[in-house]
Amino acid sequence: KGNKIALEHYYSSCCPDEVFRQIYQGYREACQSRRKLDFDDMLVLCYDLFVKRPDILKKWQERYAYILIDEFQDINQVQYDVIRMLAAPQNNLFIVGDDDQSIYKFRGAKPEIMLGFKKDYENVKEILLDVNYRSTKNVVYGAQKVIRKNRNRYDKKIITLNEQGENVHIQETRNTVEESRYVLGRITEELKKGVPPSEIAVLYRTAMEPR
């Protein structure tokens with residue numbers, strides 16, 4: 001829904017297409033019979049309303065003279081289409097985002113929208129916020145070594161005035177058991193040094209991995 005793809009043109013990556021379409025149709029019918037809307041419905045129906053009722057669109061365009069959108073890298077197609085209609089005709093749009101931080105593609109986010117923003121708005125003024133106030137130099141340097149391998153991104157170099165900090169350590173393990181023992185060992189070492197548990201975190205890409 002979020003990218004306005006017709007059901008017959010959508011191909012599921014998690015189950016056979018016919019099965020997915022049956023599930024989707026059943027879900028949609030259940031929502032309609034109960035007079036319920038999900039989050040994507042609110043976006044799609046808003047888009048449809050603005051397309052069909054230019055008088056209502058005009059009323060909302062006049063209400064908002066300026067529009068600011070944060071975390072713009074996580075926007076999807078229907079959100080962008082609604083925003084573009086709302087912002088017209090003045091196009092007083094202020095967007096804030098970082099294409100390198102786009103992590104919600106699985107739910108429909110399209111960083112390509114941010115990358116193509118200058119084509120949609122040719123007179124756009126760009127301000128690069130290139131100072132990292134949070135991380136040490138070694139963390140920023142290590143992150144940039146990874147991120148610069150992304151092919152489709154805005155070219156930018158982030159700097160920090162913070163201290164050098166400890167080196168970023170990369171540890172390879174043969175399996176999840178060995179990985180768990182290594183992580184436990186590192187935590188134990190930090191606790192012995194007097195580091196409080198509240199200052200220790202273990203980050204995973206998905207909720208399945210720590211199991």
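## Second largest pocket

In this predicted model, 23 residues line the second largest pocket, and those nearest its centre are Val168, His169, Arg186, Ala201 and Val202. Two elements, H7 and helix H8 (176-192), each give two or more residues to this lining. H8 gives the most, with six residues.

The space in the second largest pocket comes to about 1200 Å³. Sorted by class, its lining holds 13 nonpolar, four polar and six charged residues.

## Largest pocket

The volume of the largest pocket is about 1600 Å³. Its lining is made up of 43 residues, and Val96, Gly97, Asp98, Leu128 and Leu129 are the closest to the centre. Strand S2 (93-95), helix H6 (117-120) and helix H7 (137-147) are the elements that give two or more residues to the lining of this pocket.

With five residues, H7 gives the most to the lining of the largest pocket. H7 is also among the elements that give two or more residues to the lining of the second largest pocket. The lining of the largest pocket divides by class into 19 nonpolar, 16 charged and eight polar residues.

The peptide bond from Ala88 to Pro89 is cis, and its omega is near 0 degrees.

Asn91 lies in the loop between H4 and S2 as well. Phi of Asn91 is near 60 degrees, which is a positive value in a residue other than glycine.

## Loop between H1 and H2

A positive phi is also found at Arg35, a residue other than glycine, where the value is near 55 degrees. Arg35 is placed in the loop between helix H1 (17-33) and helix H2 (39-52).

Is Arg35 buried or exposed? The relative accessibility of Arg35 is 77%. Exposed means over 50%, so Arg35 counts as exposed.

Methods
Residues are numbered from 1 along each chain as its sequence is written. This is a predicted model: local features need pLDDT of at least 70, side-chain atom pairs count only at pLDDT 80 or more; totals for chains, interfaces and linings use all residues. Side-chain values use heavy atoms; hydrogens and water are left out. On a 1 Å grid over the protein atoms alone, a cavity is a set of points where a 1.4 Å probe fits but cannot get out, and a pocket is an open set with protein on both sides within 12 Å along at least five of seven lines; lining residues have an atom within 4 Å of a point. Grid points are joined across faces, edges and corners, and a volume is the space filled by probe spheres set on the points. Helices (H or I, at least four residues) and strands (E, at least two) are DSSP runs, numbered from the N terminus. Ala, Val, Leu, Ile, Met, Phe, Trp, Tyr, Cys and Pro count as nonpolar, Asp, Glu, Lys and Arg as charged, and the others, Gly among them, as polar. Buried means under 20% relative accessible area, exposed over 50%, partly exposed in between (1.4 Å probe, protein chains only).
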